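User: Could you walk me through how to read some features of a protein model, one at a time? I would like the general idea and then the case at hand.

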Amino acid sequence: MRKFVPSALFVHTTETEHILDRLRQHSSNPTITPVSFDTLITDQRDLLSGVGHVVVSGSIDFIKTVAAMTVEHGCGLGVIPTHGQKKLVQFYDIPTDIDAAIDLALDADPMEMDLVLCNEHLVFFNVTVGQMPLLDAPADTGRLSMLKAALPRIFHIDLIKYRFTTAGSGDIVTAASGCMILHHHKGSMAARLISGASTIADGSISALISAPMSVVNYLKFLVRLMSGTVSSGNLPSSIGHLKSPIIEIEPETEMDVWIDGVKKTRTPLHCEVKPAAIRVNVGPAIRAGEPTGKLGEERVDIDHLPKGKELKKAWKREKIPFFSYASEERFHDLFTDLREDSRINGLYLVLMVLSTMLAAAGLYLNSASVIIGAMLLAPLMAPIVSLAMGLLRGEEKMIKNSLAKILVGILIALMASSIITLIFPHRLVTEEMQARLNPTLLDLAVAIISGIAAAYSKSFKEIIQSLAGVAIAVALVPPLTVAGTGIGWGDFHFFFQAFLLFSTNLIGIIIAAALTFRVLGFSPAIRSKRGLGVVLCLLAIITVPLYISYGQIVEDRIMEENWQKERFLVNGKYVIVENTDLLLRGRKKILVMEVIVRDVLTREDLNELKKKIKIHFPGELIVRAKTTYLP
């Protein structure tokens, strides 16, 4: 059965004096002694002497003053929120209904809680130093309202030098936009990040440190925070967490300190906790929080904060860039792999020969499965991705090595495939060969998408296996093999069309991969602008024939559709065109069609039909007709 205090001192203001009658009417019939705040300040010692429980209602500053008095005199404390004190309700799980709040305020079992002081100011909720967009929003704020308030501030965030000192770890120097001291993990967006890692009676205070390296980085963090996918065990890349009985904060420049939403003091800031120093009636959600670890145990989680070269670069910026910049120390393994990928070795040479031979066999056999095997075996993707990173970061050695490796691979493929044409002397153009001719803007789109996927897959080890799928999506060795076949046959147009497809894939991957690496933060800027400028010029040059080819294919497809069920009168005989398919073989067009007739067509009739058809097709046209006779 719930127990209530037999008597209490009710401290009020003129605005909350009306609660007195409801307190006296409580079902437990307590003895309530009313006293105004001004009177309590004047005669604190006599009025609180021998008092076991105090009930208070008023402004936050008013409640804090009374709370400090209860600590000094060992009294229990019950709080009745006024209208609009939502933070107080959330942080201490106090009912919004006045009768339920009075029940809680008169409860005879107050909870021992830690008392947090920052520069000797009592802290109820949190303390903010610097810029903490969205993190300083109350937990019950609507998502749209939070974003509306936070987004304009995001573009004005800057990182400055901070020095943090805890009770046991010593000095921690980093760059940050701001930090927040939290009493416990209830009642704010920031508190969600340490949910389960902090309670109201664990003998420690928590500091969340915000250090976004870019606007994009912070936006990603906000999306995760609002979707509820962040936790204390999985802090985002821009957040650090300190937990200690004592935390000192000293930014490079003196700054205002906001305590519970009010500007109270200036940095440097000394924050400390007095364990179990105050007894307060709180709701069941707060009581349920069990202390984690030992009382006063420290935690230092700063792996996601700037360090090394990142730290020095962060201090020099007036504001954070739009895209992030990750130092080489942070992504050491990736850069090591890419440098290795840019070097020529025996395995690369062997795989280039084997993949070319396999691709040639698949092309002659008209076998898609064999060609896919050649795509998976081909090692060309690795140096192309390395070249993209080299161009982005301006690393000349990586650029030279990657270019040399790509050129060697191209020469091997062209030479091997042209030599293979001597083994297969018959000039047989299969459908798989035809598919590598006449590239269009759609092929460029595929190359760009594949370049993004390749860079993204290479950046994250957990999805590195996706590179195989990227290799299949964008063909590199098969078009090179077709181009080499054109050399072997002495057909320059055949060579040019296939090599254009390879060039499209190569340039599209380089551009897309470099920009993807930039967005992922592997360089503060595009350093080799000249190199990427050359690639962009090549892209502009190849776009012209790609656009022309795309337009021609669209025109031909429209013409094919228009020709379905076309009727011709040839020497008094009706000829119905059933199906058509326009093929491009170099500069030649081959029209394959099925025609339906009732009367037998002579050679003279067929020649006349071809003349009528050629009128609608400019240029050289080869007509192949399959005739079906109706009974």
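Predicted model: local features only at pLDDT ≥ 70, side-chain atom pairs only at ≥ 80, totals over all residues.

User: How would I step back to the whole chain? How many helices and strands are there?

Analyst: Whole-chain totals give you the background for single residues. The chain has 22 helices and 21 strands. Of its 631 residues, 49% count as buried. For contacts between residues at least 6 apart in sequence, 75% join residues at least 24 apart.

User: Now a pair of helices. At what angle do helix 19 and helix 20 pack?

Analyst: For a helix pair, read the angle, the axis distance, the handedness and then the residues in contact. Helix 19 (residues 477-489) and helix 20 (residues 492-519) pack at about 160°, and their axes are 8 Å apart. Angles over 145 degrees count as roughly antiparallel, and these two helices are therefore roughly antiparallel to each other. The crossing of helix 19 past helix 20 is left-handed.

User: And which residues make that contact between helix 19 and helix 20?

Analyst: From helix 19 come P479, L480, V482, A483, T485, G486, I487 and W489, and from helix 20 come F494, F495, A498, F499, L501, F502 and N505. By class, the residues of this contact of helix 19 with helix 20 are 12 nonpolar, 3 polar and no charged.

User: How do the axes of helix 15 and helix 19 cross?

Analyst: The axes of helix 15 and helix 19 come within 7 Å and cross at roughly 50°. That makes helix 15 oblique to helix 19. Their crossing is right-handed. The contact is made by I410, A413, L414, S417, S418 and T421 of helix 15, together with L480, T481, A483, G484, T485, I487, G488 and W489 of helix 19. In the contact of helix 15 with helix 19 there are 7 nonpolar, 7 polar and no charged residues.

User: Let's look inside helix 15. Is S402 buried or exposed?

Analyst: S402, found in helix 15 (residues 396-423), has 0% relative accessibility and so counts as buried. Its side chain reaches the backbone oxygen of M398 at 2.7 Å. A polar atom of the S402 side chain also lies 3.4 Å from the backbone nitrogen of L387. Not counting residues up to four places away in sequence, S402 touches S342, P383, S386 and L387.

User: What does the side chain of D202 make a polar contact with?

Analyst: The partner is the side chain of K243, at 3.2 Å. D202 sits in the loop between strand 10 (178-182) and strand 11 (205-210). With a relative accessible area of 2%, D202 is buried.

User: Finally, backbone geometry. Which residues does a cis peptide bond join?

Analyst: Omega is the angle to read for a peptide bond. T267 and P268 are joined by a cis peptide bond, with omega about 5°. P268 lies in the loop between strand 15 (262-266) and strand 16 (269-280).

User: And what is phi of E120 near?

Analyst: Phi of E120 is near 70°, a positive value in a residue other than glycine. E120 is in the loop between strand 5 (111-118) and strand 6 (121-123), and with 62% relative accessible area E120 is exposed. Phi of N366 is also positive, near 60°. N366 is found in the loop between helix 12 (346-365) and helix 13 (368-377), and N366 is partly exposed at 33% relative accessible area.

Technical notes. Residues numbered from 1 in each chain as written. Heavy atoms only, no water. Axes fitted to C-alpha atoms, helices over the stretch in contact; angles between N-to-C directions. Helix = DSSP H or I, 4+ residues; strand = E, 2+ residues; numbered from the N terminus. Parallel < 35°, antiparallel > 145°, perpendicular 65-115°, else oblique. Left-handed = near helix turned anticlockwise from the far one by under 90°. Contact = heavy atoms within 4.5 Å. Nonpolar A, V, L, I, M, F, W, Y, C, P; charged D, E, K, R; others polar. Buried < 20%, exposed > 50% of the residue type's maximum accessible area, 1.4 Å probe, protein only. Polar contact = N/O pair within 3.5 Å; in protein donor to acceptor, adjacent residues only side chain to side chain.
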